[in-house]
Amino acid sequence: MQKDFSVSLCMIVRNEEEWLERCLTSVQRVVDEVVIVDTGSTDKTKEICRRYPAKVYDFAWTESFAEARNFSIERASGEWILWLDADEELRVENIQEFRKALQSVEKNLFLLPLVNYYGKLPADLNRAYLFASHRLFRNHKGIKFIGNIHEYLDVDEIRKAGQAEIMPSTTIHHYGYMDYVTEAKEKNKRNLFMLEKERKHPEYSPWIDYHIASEYYRAKNYEEAFNQVNLSIGRFLGRKQIPPSLLYKLKYDILITLGSFEGAWPGIEKAIALYPEYVDLHFYKGLIFFAREMFAEAILVFKHCLELGKKQVQGYLTLVGCGGYQAWYFMGRCYEKLGNRKEAANAYTQTVSQYPDHKEAQQRLLTLS
């Protein structure tokens, strides 16, 4: 008989030999059962699965990630279901605390902090985006995935009822968007194909436009990404819904990447009014002021970013450093422009104390010494 806090890991995979072993190794102390649904691997994925061991099921691909994930859920016997992707790694600092949370809290759903790395190897916590994702839920409660692509758990009612909380001492680390990932371009093409197919349905979700924008952004096609994210924002507004914070983050990220600071100002103020605690939007505002040579005003904004960075605000995709070392670095740049070498040196020192490998801050400290 399964214990009332037993955990089943549910995954869907296809040709994941590069990642899978690290993922499965990371969960060995945590889960009681591993259920893997293979959608057509031709490499050593299945062989790796059976080393652990795992229950492996074949699933004919139906062009629906939700259907494949729900197929895995139906074969899980644990009281709780944890879902991961092969290019992720689970880290639990305190296994007793993890198990205690499953037993003692009357919850049906847990959010797990997610660290999405970007840039070159080695993975660096200072080069990452942070988010909290619904990754652990009670089995046999009718919780299912929806969405053929960029699938998600249908848990709005559970969340609104206050039956979800952050799992303590636990994080998921995601490596799939780092520069060295060889299959990124193929995934980009596949995702765009599936998303465009979804967009042909009448009354499709504005989230589809956002995900298309994200794919263009990852492919560095910033102009098309900008068009698509604006389309998404407009369609949310057309439904009389406030566009989610993710859309504004992407929009102003694109404008700043393109150097369109005049295009970003003063529109970003409206986004900040909607999401006043979103530190990334404030950071972008500071960058806009810096580019417009409004250095004193930018310093005030970056100081506010540092205050926001001290808070633990859920629900936002946050770039590491916007409320820390990156704000300090640009404060240093502003002080330099204003001729205040002492404050500039202090800001760069704070930058390096938080991110010792920050080359630009190191170099500027040398020039000020």
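Which residues of helix H3 are buried? In this predicted model, they are Phe65, Ala66, Ala68, Arg69, Asn70, Phe71, Ser72 and Ile73, where buried stands for under 20% relative accessible area, exposed for over 50%, and partly exposed for anything in between (1.4 Å probe, protein chains only). That makes eight of the nine residues in H3 (residues 65-73), a helix that is mostly covered. Helices (H or I, at least four residues) and strands (E, at least two) are DSSP runs, numbered from the N terminus.

A word on the ground rules. Residues are numbered from 1 along each chain as its sequence is written, and side-chain values use heavy atoms, with hydrogens and water left out. Because the model is predicted, local features need pLDDT of at least 70 and side-chain atom pairs count only at pLDDT 80 or more, while totals for chains, interfaces and linings use all residues.

Taken as a whole, the protein has 16 helices and 12 strands. Its radius of gyration is 22 Å, close to the 21 Å that the globule rule gives for 369 residues, so the protein is as compact as a globular protein of that length; the radius is taken over C-alpha atoms, and the rule is 2.2 Å times the number of residues to the power 0.38. The C-alpha trace spans about 70 × 50 × 45 Å along its principal axes. Of the 369 residues, 52% are buried. Among contacts (heavy atoms within 4.5 Å) between residues at least 6 apart in sequence, 68% join residues at least 24 apart.

Strand E2 (residues 33-38) is largely enclosed by the rest of the structure, because six of its six residues are buried. In a regular strand the side chains alternate between the two faces of the sheet. Here both faces are covered: Glu33, Val35 and Val37 are buried on one side, and Val34, Ile36 and Asp38 on the other. E2 runs parallel to strand E1 (residues 7-13), with six bridges joining the two; strands pair if DSSP finds at least two bridges between them. Getting from E1 to E2, the chain passes through helix H1 (residues 20-26) in a right-handed β-α-β crossover, meaning that, with the strands pointing away from the viewer, the path from the first strand over the helix to the second runs clockwise. Strand E3 (residues 55-58) is also parallel to E2 and is joined to E2 by four bridges; Ile36 has Val56 in E3 as its bridge partner.

Back in H3, Ser72 counts as buried at 2% relative accessibility. Leaving aside neighbours within four places in sequence, Ser72 is in contact with Cys10, Met11, Val35 and Val37. A polar atom of the Ser72 side chain also lies 2.5 Å from the backbone oxygen of Arg69.

Elsewhere, Arg199 sits in helix H6 (residues 184-199) and, at 18% relative accessibility, counts as buried. Its side chain makes a polar contact of 2.7 Å with that of Gln228; such a contact is a pair of N or O atoms within 3.5 Å, and within protein one must be able to donate a hydrogen and the other to accept it, with residues adjacent in sequence counting only if both atoms are side-chain atoms. Beyond neighbours within four places in sequence, the contacts of Arg199 include Tyr204, Ile208 and Leu231. Pro266, by contrast, is exposed, with a relative accessible area of 51%, and lies in the loop between helices H10 (261-264) and H11 (268-274).
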